[in-house]
Amino acid sequence: MVAFAAAPSTSQGTPNLNKKIMAKEIIFSGIKPSGVPTLGNYVGAISKWAELQQKYRCFFSVVDLHAITVSQDPKELRYRTYLTTAIMLAAGIDPKKSVIFVQSHVPAHSELAWLINTQSTMGELSRMTQFKDAAAKTSKTSIGAGLFTYPTLMAADILLYDAHVVPVGDDQKQHVELARDLAQKFNHRFGKTFVVPKPLIRDSGARIMDLQNPDKKMSKSDDSDRGYILITDSPDIIRKKIMSAVTDSGRNIVFNKKHKGLYNLLTIYQVLSGQGEKQIEKHFLNKGYGQFKQELAELIIKTLSPMQTQINAYMKNTPRLDKILAQGARQANQIADLKLKEAYKKVGLVTKR
Ligand code: TYM
C-alpha cells in the first residue's frame, strides 16, 4: 500500500501527504486497451515507466474510456483491459510504489473532462493532429464526438493528479501540450488550481515505426499484423516479422535517418540493449543485414520472454488483477475527488457537503 493512500484532506482540498512523498514530483501516464500493446508501446513508453517509479510518485492508468472513442468488441475490450494491466505489471510497475488503475474506475476523470470541455474551443481541439488524421479517414459527419473531445479527457487524466511530468511517445506530445495550455487557461481565469504539466519524451525510441512501412508509426490498431510486434508474440513470429522487416538494399549497419527501415530497427536494438550508437555500429561492422536482423530478433525475444511468462501467470489469476486494480482505484479516487471538488468550487458549482 503506498503511503498516501489514506491521506486525509487539508482545508485547501489537497491531500495531507507525508512530506517525503510530497517532495517527489508526480507522473501520470496511460495506455489504451484498444489492441494488444506493441513493441512500440513498450519501447516508447512502458519500459521507461518502471524506471521512473524510483524517482517520482507515479500514476499509471489503463485508459478504457479513451479506447471506446473508437468501436470496440466488448468481450475483447474486457480481455485487453486485464492483459494491458498484466503487461504493465510484468514490465516492472510495482503496485507498492505506484498507483495502477483503470480509468473508468475513477469517475472524476469523466467529470473533470466535462468541465474542461466547457473551457475548450472547437479551434483548440480541431488542431490536434491525431483528430485530423482520424477525420481524414472518414466523413466529417460520421466521426465520433468522443474522438473529437479525446484530448480534454486526456487533460483531465493528467490534471486530476497534479502531474508535473507526463512520459509519452512522440505521438502524444501535442495532447500533453494542449493539457498544459488548458491548465494555464483555467488557472488564469479561475485562480491557481492545476499544476502545469510537461511531456517527457525519450531521446531515442519515442516513435517506433511500422516494420513494413517505416513512414508510419507502429500501431496496435493497425489492420495488417506484419508491421508490428505484439508484446505477446511468440519467438517464431518475432523472428518472422523482423526478418521480413523492410530495409533498403544497403550493406552497412549504421545509424542514418535517411535509411528509415534500418534506422528504426537499429533504434529498437539501441533501446533494448542499452548500448550507444558507436558501440552498436562497431559490433555490426562487416556484418550483413541478415545477421543484424537475427541478433535483433533474439534481443527482442530475450526482452519479451520473461515478461510473457509473468503476463501468462497474471492472466491465469484475474482475481489478483482485480485486487490490484481495486487498490489502485481507491488510491486514485481519493486524490482525484479532491481535485475535482476544488475545480468545481473554482468555477462556482455548489459542491456536495
Ligand atoms: P496509446 O495507448 O496509443 O500508447 C501508449 C503509449 O505508447 C506510446 N506509443 C509509442 N511510442 C513509440 N513508438 C510507437 N510506435 C508508439 N505507439 C504508442 C504512446 O505515445 C503512449 O505514450 N492518448 C494516449 C493514452 C493516454 C494518456 C493519458 C497518456 C490517455 N490519457 C494521459 C498520457 C497521459 C494513447 O493513446 O496512448
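This is a predicted model: local features need pLDDT of at least 70, side-chain atom pairs count only at pLDDT 80 or more; totals for chains, interfaces and linings use all residues.
Let's start with Asp-162, which sits in the loop between α9 and β4, the strand at 165–167. Asp-162 has a phi near 55 degrees, a positive value in a residue other than glycine. Is Asp-162 buried or exposed? At 17% relative accessibility, Asp-162 counts as buried, because the cut-off for buried is under 20%.

Asn-286 is not a glycine either, and its phi is positive, at about 65 degrees. You will find Asn-286 in the loop between α13 and α14.

How many residues of α9 are buried? The count is 10 of the 10, so α9 is largely enclosed by the rest of the structure. Asp-157 is among those buried residues, as are Tyr-150, Thr-152 and Leu-159.

One partner of α9 is helix α10, residues 173–190. For anyone new to this, two packed helices are described by the angle between their axes and the distance between the axes. For α9 and α10 the angle is about 70 degrees, and the axes are 9 Å apart. That makes α9 roughly perpendicular to α10. If you want to look at the contact on screen, α9 brings Tyr-150, Pro-151, Thr-152, Met-154, Ala-155, Ile-158 and Leu-159. From α10 they meet His-175, Val-176, Leu-178, Ala-179, Leu-182 and Ala-183. Sorted by class, this contact has 11 nonpolar residues, 2 polar ones and no charged ones.

Glu-124 belongs to helix α6, residues 122–126. With 12% relative accessibility, Glu-124 counts as buried.

Let me move to the other helix pair I picked, α4 with α14. Helix α4 covers residues 74–90 and helix α14 covers residues 289–315; they pack at about 135 degrees, with axes 9 Å apart. The two helices are therefore oblique to each other. Their crossing is right-handed. On the α4 side, the contact is made by Tyr-79, Tyr-82, Leu-83, Ala-86, Ile-87, Leu-89 and Ala-90. On the α14 side you have Met-307, Gln-310, Ile-311, Tyr-314 and Met-315. The contact of α4 with α14 has 11 nonpolar residues, 1 polar and no charged.

Gly-92 has a relative accessible area of 34%, so Gly-92 is partly exposed. Which residues does Gly-92 touch, not counting those up to four places away in sequence? They are Ala-50 and Gln-53. Gly-92 and Trp-49 are 43 residues apart along the chain, and their C-alpha atoms are separated by 8.2 Å.

On to the strands. In a regular strand the side chains alternate between the two faces of the sheet. Strand β2, residues 57–62, is mostly covered, with 6 of its 6 residues buried. On one side of β2 are Arg-57, Phe-59 and Ser-61, on the other Cys-58, Phe-60 and Val-62, and both faces are covered. Strand β1, residues 26–31, runs parallel to β2, and 6 bridges join them. Within that pairing, Ser-29 stands opposite Phe-60.

Two last stops. Ile-280 is in helix α13, residues 277–283. At 0% relative accessibility, Ile-280 counts as buried. Beyond four places in sequence, Ile-280 is in contact with Phe-255, Leu-266, Tyr-269, Gln-270, Ser-273 and Gln-275. Of these, Tyr-269 is 11 residues from Ile-280 in sequence and 8.4 Å away in space, C-alpha to C-alpha.

Finally, Thr-351 lies in the segment after α15, the helix at 318–347. Thr-351 counts as buried, with 11% relative accessibility. Setting aside residues up to four places away in sequence, Thr-351 touches Lys-341, Tyr-344 and Lys-345. Thanks, everyone!

Definitions and conventions. Residues are numbered from 1 along each chain as its sequence is written. Side-chain values use heavy atoms; hydrogens and water are left out. Axes are lines fitted to C-alpha atoms, for helices over the stretch in contact, and angles run from 0 to 180 degrees between N-to-C directions. Helices (H or I, at least four residues) and strands (E, at least two) are DSSP runs, numbered from the N terminus. Angles under 35 degrees count as roughly parallel, over 145 as roughly antiparallel, 65 to 115 as roughly perpendicular and the rest as oblique. A crossing is left-handed if the near helix is turned anticlockwise from the far one by less than a right angle, and right-handed if clockwise. Contact means heavy atoms within 4.5 Å. Ala, Val, Leu, Ile, Met, Phe, Trp, Tyr, Cys and Pro count as nonpolar, Asp, Glu, Lys and Arg as charged, and the others, Gly among them, as polar. Buried means under 20% relative accessible area, exposed over 50%, partly exposed in between (1.4 Å probe, protein chains only). Two strands pair if DSSP finds at least two bridges between them.
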